[in-house]
Amino acid sequence: MRAEWAKQLSRAFLLLLGVVVVLPALAHGERNQEPFLRMRTAHFYDVKWSADKIAVNDEVVVTGRFRLFEDWPMNLPQPDRVFVGNGTPGPVLARTESYLNGHAAIQSGKLMLDRDYEFKTVLKGRIPGRHHVHPMVNVEGAGPLLGPGSWVEISGDHRDFKLPLTTLDGTKIEDLETWGVANVVRWEGFWLLTALVFAGWWLRRPLLMTRYRALHEGHEAALVTRGDRLWAAAFLTGTVLTVFAGAHWAENRYPRTIPLQAGQFRIDPLPKDEHEINIQVKRATYDVPGRSMKMTLVIHNPLPHPVQMGEFMTAGLRFVNHELPAAMAQVDARYPAELLPRTGLTLHDKAPIAPGETRTVNIEATDAVWETERLTSLLTDPDNRVGGLLFFFDDAGERHIANLSGAIVPVFIGS
Amino acid sequence: MTKPQPASLFSTQDYSTRAFISWRGVVLGVVGVFCLMLAYRFYQQVFGWSAGLDATAPAFDTYWMNLLKAELVILTASWAGLWSWLWVTRDRQMSQLAPREEIRRYVNLIFFILVYAFAVYFTGSFFAEQDASWHQTVVRDTSFTPSHIVLFYGTMPLFVLFGVGSLLYAMTRLPKFAERLSLPFMLAVGGPFLILPNLGYNEWGHAFWLMEEYFSAPLHWGFVVLGWSVLALGGLLVQILQHLLDAIRRAEIEAAAQHISAA
Amino acid sequence: MTAPNKPPAEGDFVDIYGVRWSRWAAQLSARLDVIISIIIALAVTAAFHLHFQLLAGDWDFWVDWKDRQYWVTLTPIVAITFPAALQYVLWEKFRIPLGATLSITCLMVGAWIARIFGFHLWSYFPFSLIWPVLMIPGALVLDCVLVLTGNFFFTAVIGGMGFAVLFYPSNWPMLAAYRLPVEIMGTLVSVGDYIGYTFTRTATPEYLRFIERGTLRTFGGHSAWVASAFSGFVCVLTYLLWWHIGMLLSKVTTLPNRWRSMFGMAPDQTAATAPVESHDAR
């Protein structure tokens, strides 16, 4: 009867286990991050993932750029300390390298607003499964700022994962996951046993009520004996000697050690264009029932070439002008389809903007993705401002990036 | 010819430990709590990463928000159920309690506190530190995370159930606890209970002030201070031992009186 | 206690620590010793672990937080608290010198269980990143000094200093392997830094580490010893404070229950015996 019950329970557990294979691992919490965080902090663009299916120990390289937005939210601290992270569900991939503008990004450092940085992160597959992988920067006081995420499937067995390393003093580490662990277990195990032996001297005798009553009735001498004191003296001496012997052993075993390295990087941003297209938001609305963001922009082109608007990007969403080949060429095949609204960017005036010209242009970005990405919760924010990047392309196919930011007003009655 | 041994002073009634210790309740409590914690942990393993990362996703609602709702209903119902049962079945003739029965009830109280301590262990140690491993890894996007749903809204109400239950048991079945309010007992139960309202302060801080996840933030110090109140179990231990010694003394006097009248 | 003119039967009573106990009471007491010890272990693990993880936990969780300054200073100060309080209760009430060893061992067991089931099995962190700190040697010193001196003040001064000063050398046999120098991307880092960097903690970036980021004078690189000495001083004070917190929390204080009649005690009746005298003088 009991054996049957246990069998049934095991089957139920196994069934539940099986469910985890069927259930896809979901995206991160970026959808519930406030719109001001996603639209007005770090804008990631040109993001590429080198693979979407790898095996354990294989690499996936995430590259791209980000701009720290000029219209940085006033309720967030400035990016005085930034770390180039990676948005993965923990160490399911091991980050082996990361670079910012070609420099090592293992430390944190100060970055500048309204400047662009190029990042590269090398990740090694570690835990099999389907994982959402984002580029990310952490800004002190502002928290994690996630870029767009793409699914990476890792196959194989996590027990095959190895991360070897050779130190500067020639020590060969087979696998960083297990380095030093056997020593930790042995040393801590030894002391745990010592503690139990020490305690056993008292635990073997009657303990609580008996000692309480004896103490209360004046029999202290029976409770603290010469044997107790000798036991304590032995353990005191032995403990101190063993600790210092252990430390001495460690000094001899590892004579060349350094403290934790905690410096900061100094990395210059990418060069800025001498002249930038200037955007003023004359009016921006979000049509709630129509799921459409409509903007009237005053665009000034100071460049010596005519330019056409190719893309409006915000919070990782890319509204691309499908009628501009140069813009379409920028869309990488692996870019997450759910972040590329099919309708794209609608321009009411498609003619190029001449050099030196200032023109008022109406644009629309319409798609249900505004809701699925929860960006419409901007309505619940005490600071209703829209932010994003506009990508322009000149007649030579060169790209020029401009900042877009302004107040936005919701429209509840269909326009 | 050897002298006949006098009859034992304690032969008129059963003074074996069996007469004072009933294991059924505590085994049920400990095994029940353990199975629940195992189930919680297993649930987190299966549905944490797969359905718990995105609070906007339907799967999150299915596997986590439904669990939260079930917990709130079941655990508050269990509070009402156990505590009202303890009250309704209280001993209305406590001042006539026989010392042997009183000893037996003290043992029951100790067992009740054992189940309480077991539940508190899973809350304060096991699931609390596990909370760090979740929040320092994922991007927090809701107050109701897979870790919090188990820790704050599952294990905490559970230990409150047993904590208040043990206090009520003592006050409704043991004369000394009915006659006078025990401050260490109330502190050992009330302090951890206040962790529940402190959750509100914690979530307020995380929502409005703290974007980074580290455990040693001053925001969490409320939990630290309230956790100290568990040390009041030391005072309760001393109090229970004092009462037990007194009850044993009275039981021995009673045994002697019965021995005389039986002779 | 025995009937007049009737001697007790052999085996009715036993002598424990110079006090006569009825055998059945001694047997019951022995059972309760086991049960109550389990309660104490569970409660101490829960309370001490919660206290420790929320005050010094970040340094304890990660190998790349275990620096020579903040970790070495803060951990002993945070960790000497419960040993002091428990030493009061166990020594003053029972003359059991296990307050420190018990609390630190419970903390260590609780921490390991949490690391295995939480940090490793749930969040996939390797043990090289998450092994918990060792403080048993310092705890043994605290308990031994208490037995040898029988005095809380000497225990505070000698034991408290010892607890802090032994902390770093106790852990160095484990930590040294993680402080080997390695070159990564043209930058010098320690093996521990690289382990922390590689096994990503998405919401816990590098700058969050509250660690030594340069000292004005490191006395030839002896930050750890300076930090230990300072920690020792504060540990002495912390011990004295927490000994008294232990005293406060273990005080048996009762208040009259105005609703006693609702609880089954008639207003004109009292408990079967006179109230037991409080033993708070000890």
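This is a predicted model: local features need pLDDT of at least 70, side-chain atom pairs count only at pLDDT 80 or more; totals for chains, interfaces and linings use all residues.
Residues are numbered from 1 along each chain as its sequence is written, chains are lettered from A and ligands numbered from 1 in the order in which they are written, and side-chain values use heavy atoms, with hydrogens and water left out.

Over all chains, a search of the whole structure finds 65 aromatic pairs. Rings of Phe, Tyr and Trp (its six-membered ring) pair if their centres lie within 6.5 Å; planes under 30 degrees apart are stacked, over 60 edge-to-face, and the rest tilted. One edge-to-face pair joins C:Trp59 and C:Trp65, at 5.5 Å centre to centre and 90° between the planes. C:Trp59 is buried, at 5% relative accessibility, and C:Trp65 is buried at 2%. Buried means under 20% relative accessible area, exposed over 50%, and partly exposed in between, with a 1.4 Å probe and protein chains only.

A stacked pair is formed by C:Tyr194 and C:Tyr197, 5.8 Å centre to centre with 25° between the planes. C:Tyr194 counts as buried at 5%, and C:Tyr197 at 4%.

Turning to clusters, B:Phe118, B:Tyr121, B:Phe122, B:Phe126, B:Phe127 and C:Phe117 form one aromatic cluster.

Finally, a charge sits over a ring if NZ of Lys or CZ of Arg is within 6 Å of the ring centre and within 35 degrees of the ring normal. A:Arg126 lies over the face of A:Phe161, 5.7 Å from the ring centre. In chain C, the charged end of C:Lys66 sits over the ring of C:Trp131, at 4.8 Å from its centre.
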